[in-house]
Amino acid sequence: MTTSRESASSTVRTLIPARIDRLPWSRFHTRMVVALGVAWVLDGLEITVASAVADTLTEPGTLHLSSTAVGLLATVYLAGEVAGALWFGNLSDRLGRRNLFMVTLAVYLLGSALTAATLGSGGGWVAFLYTTRFIAGMGIGGEYAAINSAIDELIPARYRGRVDIAVNGTYWGGAVLGTLGTYVLLAHVDLALSWRLGFLIGPVLGLAILIVRRNLPESPRWQIMHGRIGDAEESISEIERGVERCGARLAPVDENKAIEVQPAQAIGYAALTRVLFREYPSRAILASALMISQSFLYNAIFFTYTLVLGRFYGVPSRFTPVYLIAFALGNLAGPFTIGHLFDTIGRRRMITGTYIGSGVLLAITAVLFYAGALDPITQTIAWCVIFFFASAGASAAYLTVSEVFPLEVRAKAIAVFFAIAQCFGALGPVIYGALIGAGDHPDRLLVGYLLGATVMIGGGLVAWFLAVDAEGKSLEEIAPALSMIRQPGPTRPEGVPAPNRRLSERISPRQTTAEVSDE
């Protein structure tokens with residue numbers, strides 16, 4: 001296998017992005033989506049398990065935590081996701097997508113397995129529990145950065161929107177698995193043991209996925225932008241051979257779609273900040289607004305959902321998973337049924353509609369809740385409808401962040417906006433846990449729900465004015481790589497030879513301002 005790196009001063013002419021975007025859907029793409037998309041399944045499973053056992057952890061027979069302490073447990077997990085996204089996101093841009101999505105899954109497996117090893121309820125064991133949740137969160141946070149990048153860079157442009165949204169939506173498939181698992185455990189196993197066993201469901205699934213991931217290639221886009229020309233050619237050729245083995249005939253790629261790049265130096269977070277807010281200020285605002293609003297809404301409501309059922313509706317903790325299944329299915333249905341509209345109707349209209357629509361519906365439900373017009377079943381139905389739209393919108397937020405910034409900083413950009421979102425979102429469980437209290441002040445929770453509705457509507461308004469119409473466009477067209485010298489076009493610079501379909505050729509050295517690095 002070729003492992004050599006070309007000189008950083010060499011200009012590379014390549015058709016690799018065009019070769020990726022012209023591919024038909026194949027078993028390779030399905031296998032990749034399954035292997036990488038499990039990150040969202042695992043996160044949904046982890047958060048669902050934590051939410052399902054939240055009320056259980058307040059009982060004397062378990063850890064006897066307060067509602068605020070249970071909310072803090074969720075906040076610690078989210079803090080771990082922030083740290084993991086920033087740390088592993090940086091490494092993903094430097095070392096490659098494949099290397100990191102193997103490491104981050106291993107970190108998650110370790111943290112979640114150790115959570116299940118919490119053997120006591122004393123102060124030391126509670127501290128151990130918080131630590132393991134932080135480690136598990138680090139692994140999942142790193143998964144978001146490495147895997148969103150890999151999926152976007154390997155999926156053909158015409159499928160990117162619906163695939164990204166569906167993959168992000170599989171979070172709720174994990175929620176269903178977690179809910180079913182905890183329902184069986186809470187109903188048939190002693191509470192002191194059942195919640196611990198619940199945290200082992202994810203590691204069992206994750207171990208199986210590690211085997212599948214071993215056979216996935218590195219992103220050819222990442223390789224070519226880092227001067228690994230031979231490796232990039234080998235990766236894209238392997239993908240093309242796999243597609244052809246499925247019976248597809250690949251037409252030659254138009255040479256006018258070639259791009260020229262000069263591999264840039266490593267870009268750190270300080271330089272990334274300059275790139276985002278100097279070169280893409282409106283996109284930075286858009287990404288922040290979408291990520292913050294959806295994170296606050298979901299973390300606030302989902303982490304405390306069982307507390308609401310228990311405190312306000314008197315639902316026993318062993319029965320709350322039943323309601324969570326319906327809630328999760330409503331969230332799962334949204335991305336899978338309307339996700340394709342983000343590629344057809346377009347990003348701007350769909351993001352705006354899903355955000356504002358879910359915000360308005362949440363405000364209506366909040367008023368009905370305060371008026372006492374809802375019971376556990378109607379409350380769950382109302383939230384299923386709300387989050388049918390909110391789930392598709394939240395998935396589109398991750399899609400937006402991963403496709404509107406240059407390749408060299410893609411993973412770090414995802415990490416930064418994910419971290420910003422989670423910093424705000426982490427406040428949700430603590431705030432709403434305090435608002436819920438003992439369940440005797442519905443007026444306080446009304447204010448909290450109206451706040452969440454306002455935040456979502458605000459995110460939708462920002463999308464209407466600032467969203468990028470990225471449907472059907474290649475990543476290089478949406479946001480040219482920092483190292484790109486020439487985008488696809490009808491002409492070639494004088495003296496540049498026509499590229500071979502199977503080779504990304506090294507051309508004469510050329511200086512470019514795209515070499516950005518931290519001092």
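Below, we take a few labels and set each against its definition.

Modeller: This is a predicted model, where local features need pLDDT of at least 70, side-chain atom pairs count only at pLDDT 80 or more, and totals for chains, interfaces and linings use all residues. Residues are numbered from 1 along each chain as its sequence is written, and side-chain values use heavy atoms, with hydrogens and water left out.

Colleague: Why is the pair of Trp-25 and Tyr-159 called edge-to-face?

Modeller: Rings of Phe, Tyr and Trp (its six-membered ring) pair if their centres lie within 6.5 Å; planes under 30 degrees apart count as stacked, over 60 as edge-to-face and the rest as tilted. Trp-25 and Tyr-159 have 5.4 Å centre to centre and 75 degrees between the planes, so they are a pair, and an edge-to-face one. The structure holds 18 aromatic pairs.

Colleague: What makes Trp-25 partly exposed?

Modeller: Buried means under 20% relative accessible area, exposed over 50%, and partly exposed in between (1.4 Å probe, protein chains only). Trp-25 has 35%, so partly exposed is the label for Trp-25. Tyr-159, at 22%, is partly exposed too.

Colleague: Why is the pair of Tyr-144 and Phe-418 called tilted?

Modeller: Their ring centres are 4.9 Å apart, and their planes stand at 35 degrees, so the pair counts as tilted. Tyr-144 and Phe-418 are 274 residues apart, and the pair links distant parts of the chain. Both Tyr-144 and Phe-418 are buried.

Colleague: Which residues form one aromatic cluster?

Modeller: Among them are Tyr-171, Trp-172, Tyr-298 and Phe-312.

Terms used. Helix = DSSP H or I, 4+ residues; strand = E, 2+ residues; numbered from the N terminus.
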